[in-house]
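Work through the exercises below with the model open. Try each task before reading its solution.

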Amino acid sequence: MISLAGILPTSVASTLPNSNSGYVAAAYIVFLAIVLIYVAIMAIRLGRVERKVRELSAREREKDRETV
Amino acid sequence: MRSPSLRALSIATAVAFCVSLSLVFFYAPIEAEEGFLQKIFYLHVPLAIVSLSGFVIGGLMAIAHLRTRDQRWDLRSYVVIHMSLIFGAAVLITGSIWARASWGHWWVWNEPTLVSFLIIFLLYATYQPLRFAIEDPERQARYASVFAITAGAFVPLNFMAVRLSASYVHPRVLGSSSNLPGPMMLTFFVSLGAMALLFATLCCYELAAKRTRILLKARSRILGFQ
C-alpha cells in the first residue's frame, strides 16, 4: 500500500483514511505528469520553430544585402 | 486563434483547475463506501467523457473536411483526435490505479466498460500510423477523415452497447441509477468543465503550433531556402 505519510503535513494526513489515499495521490500525480510531459514536448517544438524563424530571418537579411 | 484569446483560455483553464481541485479535496464529502478513493472519480470520469467526446468531435470535423475540402478541418480533426488519445492514455492509467485499489487488480478482462474503452483506444492508436503511411497530403487527409468518421460513429455505438450490457461491476456515475448528492454532483460538473477547458486549451496550442510550422515551411519554400 502506498502511504502519504511524509508527503502531506501530519495534521492533514491524519485526517485521511489510511487506506487508498496513496492511490488517489498516484492518480493525480500521473495526470499532472502527463500534462507536464506534453507541455515540455510543446516547449521543445516551439524552441525548434523559433530557431528556424531566426535562421530564416538571417538568411533573408543575407539575401537582401546581396541584392543591394 | 489569436494569442490574447489563447492567453485568456489558458488563464480560464488554470482558474477552473484550481477551483475544481479545491472542491474535490476541501468541499466534496468523503463517500461512505469507497472513502477517500472516490476522489479519483473526479479525475478519471471527466477525462473519459472529454476523451470520448473528442473522438466524436474529431469525426464531425472530418465530415466538415469531406464536405468542404477545407484542409483546416482536417488539421482540426487530427489535433482533436491526437489530444483525445493522450487523454485516453490518462483514462486507462487512472482507471487502472482505481481498479487496483478498489478491486485488487490493475485490469479486469471481463468488465465491458474497461475492455470497450481499451478497444476504442487501440482503434485510434492506429490513426496516426495510417495517416502518415500515406505520402500524398490530399489522399492522406481524405483517408484520415474517412477513418475518423467511421471510428467516431463506433464510439457512441460502443458506449450504448456497454450500457445495455447486463453484467458489469464498473460503477455508473451519470444515468438513472446515479444518486450523487448535490455537493458531489457540483464538484463533478466543475471538474468536467475544467477538464473540457484543458482539452480545448491544449488543442488550441497544438493547432497554433502546427499552423506556425506550416506557415514557416511555406515561407521557406517561397524564399527558396528548402
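## Exercise 1: a helix pair in chain B

In this predicted model, helix α2 (residues 41–68) of chain B packs against helix α6 (residues 137–164) of chain B at an angle of about 140°, and their axes lie 8 Å apart.

Solution. 
- Step 1. Start from the angle of about 140°. Roughly antiparallel requires over 145 degrees, and roughly perpendicular covers 65 to 115.
- Step 2. The crossing of α2(B) and α6(B) is left-handed.
- Step 3. List the residues. On α2(B) the contact uses L52(B), F55(B), V56(B), G58(B), G59(B), A62(B), I63(B), H65(B) and L66(B). On α6(B) it includes A148(B), I149(B), G152(B), V155(B), P156(B) and F159(B).

## Exercise 2: another partner for α6(B)

Task: helix α4 (residues 112–125) of chain B also packs on α6(B). What is the orientation of α4(B) to α6(B), and which residues make the contact?

Solution. 
- Step 1. Read the geometry. The angle is about 175°, with the axes of α4(B) and α6(B) 10 Å apart.
- Step 2. Apply the cut-off. Angles over 145 degrees count as roughly antiparallel, so α4(B) is roughly antiparallel to α6(B).
- Step 3. Name the residues. P112(B), T113(B), S116(B), I120(B), L123(B) and Y124(B) of α4(B) meet A151(B), V155(B), N158(B) and V162(B) of α6(B).
- Step 4. Sort by class. Seven residues of the contact of α4(B) with α6(B) are nonpolar, three are polar and none is charged.
- Step 5. Look back at α2(B). A151(B) and V155(B) of α6(B) contact α2(B), and A151(B) and V155(B) also contact α4(B).

## Exercise 3: a backbone angle

Task: examine R69(B). What is its phi, and is R69(B) buried or exposed?

Solution. 
- Step 1. Phi of R69(B) is near 60°. That is a positive value in a residue other than glycine.
- Step 2. R69(B) is found in the loop between α2 and α3 of chain B.
- Step 3. Count neighbours. R69(B) has 12 C-beta neighbours inside 10 Å, so R69(B) counts as exposed.

## Exercise 4: chain B as a whole

Task: summarise the fold of chain B. How many helices and strands does it have, and what share of its residues is buried?

Solution. 
- Step 1. Chain B has seven helices and zero strands. Its pattern along the sequence is α-α-α-α-α-α-α.
- Step 2. The C-alpha atoms of chain B fill a box of roughly 65 × 40 × 30 Å along the principal axes.
- Step 3. Of the 226 residues in chain B, 34% are buried.
- Step 4. Take the contacts in chain B between residues at least 6 apart in sequence: 80% of them join residues at least 24 apart.

## Exercise 5: chain A and confidence

Task: how many residues of chain A contact chain B, and what confidence does the predictor give the complex?

Solution. 
- Step 1. Chain A has two helices and zero strands. Of its 68 residues, 12% count as buried.
- Step 2. 23 residues of chain A contact 26 residues of chain B. The chain A side has 16 nonpolar, three polar and four charged residues.
- Step 3. The mean pLDDT is 76 for chain A. Over residues 1–14 of chain A the pLDDT is below 50. Chain B averages 88.
- Step 4. For the complex, the predictor gives an ipTM of 0.83 and a pTM of 0.84.

Methods
Residues are numbered from 1 along each chain as its sequence is written. Chains are lettered from A and ligands numbered from 1 in the order in which they are written. This is a predicted model: local features need pLDDT of at least 70, side-chain atom pairs count only at pLDDT 80 or more; totals for chains, interfaces and linings use all residues. pLDDT is the predictor's confidence in each residue, from 0 to 100. Two residues are in contact if their C-beta atoms, placed from the backbone, lie within 7 Å. Ala, Val, Leu, Ile, Met, Phe, Trp, Tyr, Cys and Pro count as nonpolar, Asp, Glu, Lys and Arg as charged, and the others, Gly among them, as polar. Helices (H or I, at least four residues) and strands (E, at least two) are DSSP runs, numbered from the N terminus. A residue is buried if 20 or more other C-beta atoms lie within 10 Å of its own, exposed if 12 or fewer, and partly exposed in between; C-beta atoms are placed from the backbone. Axes are lines fitted to C-alpha atoms, for helices over the stretch in contact, and angles run from 0 to 180 degrees between N-to-C directions. A crossing is left-handed if the near helix is turned anticlockwise from the far one by less than a right angle, and right-handed if clockwise. Angles under 35 degrees count as roughly parallel, over 145 as roughly antiparallel, 65 to 115 as roughly perpendicular and the rest as oblique.
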